[in-house]
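User: I'm new to this structure and would like to learn how to read its features. Could you walk me through it?

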Amino acid sequence: MNSNPEKNTANDTDIENVLEILEQFGKSDTSRLRIDATASREQGSSEKQYHLGRCDIGSPWACGTPFDVLEDD
């Protein structure tokens, strides 16, 4: 935990928003959740990214550019 209370900028609204995200996720069929908090994204916006497996995000397979697949004749 952050031991310096001056650096903790979470307020009650922020905490309620995170709890709402977690509650909705718990009701969904999605098995993985990643939350990145950043000041560079518009407040209240989100992004959902689909991937084929647990470790496939950004891989050649996920991007459709696998380099080790034999070409069909």
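User: Leaving aside its neighbours within four places in sequence, which residues is Leu33 in contact with?

Analyst: Contact means heavy atoms within 4.5 Å. By that rule Leu33 touches Leu22 and Phe25, once neighbours within four places in sequence are left aside. The C-alpha atoms of Leu33 and Leu22 are separated by 8.9 Å, and the two residues are 11 apart along the chain. Bear in mind that this is a predicted model, where local features need pLDDT of at least 70 and side-chain atom pairs count only at pLDDT 80 or more, while totals for chains, interfaces and linings use all residues. Residues are numbered from 1 along each chain as its sequence is written, and side-chain values use heavy atoms, with hydrogens and water left out.

User: Where does Leu33 lie?

Analyst: Helices (H or I, at least four residues) and strands (E, at least two) are DSSP runs, numbered from the N terminus. The protein has two helices and zero strands. Leu33 sits in the loop between H1 and helix H2 (60–63).

User: How far does helix H1 reach from its first C-alpha to its last?

Analyst: The expected span of a helix is 1.5 Å times one less than its number of residues. H1 covers residues 12–27, 16 residues in total, and reaches 23 Å, close to the 22 Å expected. At its start, a side-chain oxygen of Asn11 comes to within 2.9 Å of the backbone nitrogen of Thr13.

User: Which residues make the nonpolar surface patch?

Analyst: Patches take residues with over 30% relative accessible area and no salt bridge; like charges are joined within 9 Å, and nonpolar side chains (Val, Leu, Ile, Met, Phe, Trp, Tyr) within 5 Å. Here Ile15, Val18, Leu19, Ile21, Leu22, Leu33 and Ile35 make a patch of about 570 Å². Ile21 belongs to helix H1. An α-helix has 3.6 residues a turn, so residues three or four places apart point the same way.

Terms used:
Polar contact = N/O pair within 3.5 Å; in protein donor to acceptor, adjacent residues only side chain to side chain. Areas by Shrake-Rupley, 256 points an atom, 1.4 Å probe, with all protein chains shown as cover. Salt bridge = Lys/Arg side-chain N within 4 Å of Asp/Glu carboxyl O.
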